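Subject: Structure handover

Hello,

Here is the structure for your files, with my notes below it. Please read the notes with the coordinates open.

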Amino acid sequence: MIGQRQGIIVWLYSLKQAKMLRRFGNVHYVSRKLKYVVLYCDQEDTDALIQKISAYSFVKKVEPSYKPYLKVQFENKAPDKAKEYDYKMGI
């Protein structure tokens with residue numbers, strides 16, 4: 001079973017070595033135009049993998065995804081009464 005995963009965005013100089021990144025985790029997407037790879041790995045291993053991947057000469061920049069740290073439970077805001085009446089005027 002898959003545990004907590006986190007995405008890593010790897011910016012490359014050339015896409016020739018994009019296939020080699022498969023050994024670090026699951027390659028989710030490869031952008032040929034912008035030359036980056038989205039890679040998913042275990043959340044505990046992200047810091048070590050970022051250091052290991054950024055040591056390669058073909059890597060321009062490595063960024064972690066902040067999606068696991070974002071709050072996804074949104075609070076329900078009461079509707080604005082002034083806007084509610086504006087929509088009913090056309091009827």
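On the face of helix α1 turned away from its buried side sit the exposed residues Asp-47 and Gln-51. Here exposed means over 50% relative accessible area, buried under 20%, and partly exposed in between, with a 1.4 Å probe and protein chains only. Helices (H or I, at least four residues) and strands (E, at least two) are DSSP runs, numbered from the N terminus.

This is a predicted model: local features need pLDDT of at least 70 and side-chain atom pairs count only at pLDDT 80 or more, while totals for chains, interfaces and linings use all residues. Residues are numbered from 1 along each chain as its sequence is written, and side-chain values use heavy atoms, with hydrogens and water left out.

Helix α1

The buried residues of α1 are Thr-46, Leu-49, Ile-50 and Ile-53. They lie on the same side of α1 because they cover an arc of only 105° around the axis; the arc is that of the directions from the helix axis to the C-beta atoms. As background, an α-helix has 3.6 residues a turn, so residues three or four places apart point the same way. The cover over the buried residues of α1 includes β1, β3 and β4, where contact means heavy atoms within 4.5 Å.

The helix itself, residues 46-54, packs on the sheet and touches β1, β3 and β4; its direction makes about 170° with that of β4. For such angles, axes are lines fitted to C-alpha atoms, for helices over the stretch in contact, and the angles run from 0 to 180 degrees between N-to-C directions.

The sheet

In what order do the four strands lie in the open sheet? The order is β2-β3-β1-β4, with antiparallel pairing. Two strands pair if DSSP finds at least two bridges between them. β2 (26-31) and β4 (59-64) are the edge strands, each pairing on one side only. From one strand to the next, the twist averages 20°.

Strand β1 (residues 5-12) and strand β3 (residues 36-42) run antiparallel and are joined by seven bridges. Arg-5 has Asp-42 as its bridge partner in β3, and Ile-8 has Leu-39. On β2, the antiparallel pairing with β3 extends over five bridges. There, Asn-26 stands opposite Tyr-40 and Ser-31 opposite Tyr-36. β3 is mostly covered, with five of its seven residues buried.

The β2-β3 hairpin

β2 and β3 form a hairpin with four residues between them. Which residue in the turn has a positive phi? Lys-35 does, at about 60°. For reference, most residues other than glycine have a negative phi. Lys-35 is partly exposed, because its relative accessibility is 35%.

Arg-32 is also found in the loop between β2 and β3. Arg-32 counts as exposed because its relative accessible area is 72%.

Salt bridge

How many salt bridges does the rule give? The count comes to one, taking a salt bridge as a side-chain nitrogen of Lys or Arg within 4 Å of a carboxyl oxygen of Asp or Glu. The side chains involved are those of Glu-63 and Lys-61, at 3.2 Å from N to O. Glu-63 is partly exposed because its relative accessible area is 29%. Lys-61 also counts as partly exposed, because its relative accessibility is 42%.

Whole chain

The protein chain has two helices and four strands, and along the sequence they follow the pattern β-β-β-α-β-α. Of its 91 residues, 27% count as buried. Among contacts in the protein chain with a separation of 6 or more, 64% come from residues 24 or more positions apart. The accessible surface of the protein chain comes to about 7700 Å², and 53% of that belongs to carbon and sulfur atoms. Accessible areas come from the Shrake-Rupley method with a 1.4 Å probe; for residues, only the protein chains shown count as cover.

Regards
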